[in-house]
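Subject: Two-chain model, handover and notes

Hello,

Here is the structure I said I would pass on. My notes on it follow below the entry.

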Amino acid sequence: MFGWQGKALRVNLSNGFVEEELISENLLENYVGGCRLAKEVARLEEVSAEKNKLIFASGALTGTGVPTGAFCSVAGYVSLQEDILCAPLLLRFGPELKCCGYDVLIIEGKAPEWCYLFITDEEAKVIPVAEMEGYTPAEIEEVIRSSFSKWYGNDIRIISIGKEGEQPSGLGGLVTDGLLVNYSGGLGNVFGEKRLKAIAVRGTLDIKLAKAAVFQKIITDAIKDFREKRNKLFETVHTVFARLELPLSREIHHGEIEKKACLACPIACLHQREGKFLPNFTVTFCFSELLEIENMEDALTLYDLCEKRGIDPVALSVTGRMLIELAKVGKADVTLTPGDTKQLVALIEDESSLLHKGGFWLAQHYQSETLLQDITKKIDTTREEIFAQIEEAGKKKAVLEALGLCPYALLAFPYDVIIKAFEAATGKALEVKE
Amino acid sequence: MYRIKVDHTKCTGCRYCELACSLNHLTTALNPKKARIRVLREKDRFFPVISGPCTEAACNIKIDIVIGDRTYDFCNLCRAVCPYKEVFKDPKTETPLQCDFCGIDAPGPACVKWCPSGALVLEEVPAYY
């Protein structure tokens, strides 16, 4: 099999049993990767509240060098939302898992004590780490990496949860190599339910290509083209973001910042200051438009707290806005003033506060489903704005997501390049179904 | 003669160079761990390091290197394939991997061709350099 590795790894945390399974070629051809594949595997595995599993799925192009091909999707049943949720993981976790020999990872059962899963080439171990309870994601990463030599440890990619994921909450998100995973609210709690503190991967296996020479030429030409048009592209992207008018974003991304990229991403939309990731566009939008935070210091303090506790900043903003609106109409007995970070921090630190229930629970409990829909629609509409100039953006984004690519690729690369690269990498024609 | 000029300030850590190098040498597959250029991280900065000569002994000295206003541990940026450093070796066979410039296929070796940020540039320098 080319592009994919064609294998899944199943780990049972209850008994530490590890099993390797072949994935049907038919399944991979119909659900090439991303959340579509993760959700399909979840359906086949009959994932539910009683039979909860974590599913990780990479795409056919993840880790191949196709621009922005770094995504890996993680899905699981989130009890407080009564549904299977799926979030894309950025940076390098997906490609590294693929280099371990797996396209799909299925984690089932519940560990008798806190543990982390360590996956290497066609091998996995469940390592008990009871002392890691309460550790922040940064501390977990440090502990795991420092248990190996410096060079080996630097190549390990990690997903972990913080304190928020350890308790029943709707906000518990994931952190991958220091970066908070947006839209992962609740998935961190699935880790917590399983007493899984982290997953560490390091692989050294090849990712085989069907028509390597053709693939190499496609990518070489695409990057050459990107380099020639880079300034114009960044200007276009800048104009798109400027049109959305986010003063907080301009403030945060000003000054001494460093651009960081996911694997094989020429766009490099992530930013760091002094080694710490800064809130990205979606988070900045959520903080300023939903929580009405206008001050950069406050936004960074809140983001820092999210990172320490492992809170999904998008879920936090949506839930915060829900509480603001519910308090306004006297439905919820809570004090949360828009823009008041101190009140928000106090609610985060109070583990019994309504904030930890998450937006979906609040919507159901206070019969305010429409309010939740309006809030999430606001985020989606703004995200759509970014792709407003692209023809058939919805369809193209869905295809990219299924392939394990970041939709931002559409801003810098022609859609045809991605399709041709898929064919060269896998040796199969891509058929897009509605 | 040619040299690859590395501007670490432009490196975003996308690791396209590792993918390009491995594909060029493996010819049918990608594998960053088998690349002859590795993006090493030192104090929150990414440094593309091209593999250099293989040595049979590790250094017993510690050298700091100052770039701009920052001081770095030179070992982290050293190109040598040494027993201490677990990079630039085939992960299975531990055979040292050395950069061969991909045979100088102008306008650049694979890593230079695939570097989107301009951190790697092929430069012609006088032969005596």
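To start with a detail you can look up in the coordinates: which residue of strand 8 of chain A does A:Ile119 stand opposite? It is A:Ala124. Please keep in mind that this is a predicted model.

The sheet in chain A

The strand that pairs with strand 8 here is strand 7 of chain A, residues 115–120; the two run antiparallel and are joined by 6 bridges. They belong to an open sheet of 6 strands in chain A, with the order 8-7-12-9-10-11 and mixed pairing. Strand 8 (123–128) and strand 11 (179–180) of chain A each have a single partner strand and stand at the edges, so each has one side without a neighbour in the sheet. Helix 4 of chain A, residues 137–146, lies across strand 7, strand 9 (157–160), strand 10 (175–176) and strand 12 (196–201) of chain A. Its direction is at about 140° to strand 9 of chain A.

A helix pair in chain A

Helix 11 (residues 296–309) and helix 13 (residues 341–349) of chain A pack with their axes 10 Å apart and at an angle of about 10°. Because angles under 35 degrees count as roughly parallel, helix 11 of chain A is roughly parallel to helix 13 of chain A. From helix 11 of chain A the contact uses A:Asp298, A:Thr301, A:Leu302, A:Leu305 and A:Arg309. On the side of helix 13 of chain A, these meet A:Thr341, A:Leu344, A:Val345 and A:Ile348. Sorted by class, this contact comprises 5 nonpolar, 2 polar and 2 charged residues.

Chain A overall

Chain A holds 18 helices and 16 strands. Its radius of gyration is 21 Å, which agrees with the value near 22 Å that a compact globule of 434 residues would have. The C-alpha trace of chain A spans about 65 × 55 × 45 Å along its principal axes. Of the 434 residues in chain A, 52% are buried. For contacts in chain A between residues at least 6 apart in sequence, 69% join residues at least 24 apart.

Chain B overall

Chain B has 3 helices and 7 strands, and from the N terminus on its elements follow the order β-α-β-β-β-β-β-α-α-β. The radius of gyration of chain B is 15 Å, close to the 14 Å from the globule rule for 129 residues, so chain B is as compact as a globular protein of that length. Its C-alpha atoms fill a box of roughly 40 × 35 × 35 Å along the principal axes. Buried residues account for 36% of the 129 residues in chain B. Among contacts in chain B between residues at least 6 apart in sequence, 64% link residues at least 24 apart.

Where the chains meet

The contact involves 30 residues from chain A and 23 residues from chain B. On the chain A side, the elements giving two or more residues are helix 5 (150–154), strand 13 (207–208), helix 8 (212–243) and strand 14 (258–260). Helix 8 of chain A gives the most, with 7 residues. The residues on this side of chain A comprise 15 nonpolar, 9 polar and 6 charged.

There is also strand pairing between the chains: strand 13 of chain A and strand 2 of chain B (residues 29–30) pair in the antiparallel sense over 2 bridges. In that pairing, B:Leu30 is the bridge partner of A:Ile207.

Regards

Note on methods
Residues numbered from 1 in each chain as written. Chains lettered and ligands numbered in written order. Predicted model: local features only at pLDDT ≥ 70, side-chain atom pairs only at ≥ 80, totals over all residues. Helix = DSSP H or I, 4+ residues; strand = E, 2+ residues; numbered from the N terminus. Rg over C-alpha atoms; globule rule 2.2 N^0.38 Å. Buried ≥ 20, exposed ≤ 12 C-beta atoms within 10 Å, placed from the backbone. Contact = placed C-beta atoms within 7 Å. Nonpolar A, V, L, I, M, F, W, Y, C, P; charged D, E, K, R; others polar. Pairing = 2+ DSSP bridges. Axes fitted to C-alpha atoms, helices over the stretch in contact; angles between N-to-C directions. Parallel < 35°, antiparallel > 145°, perpendicular 65-115°, else oblique.
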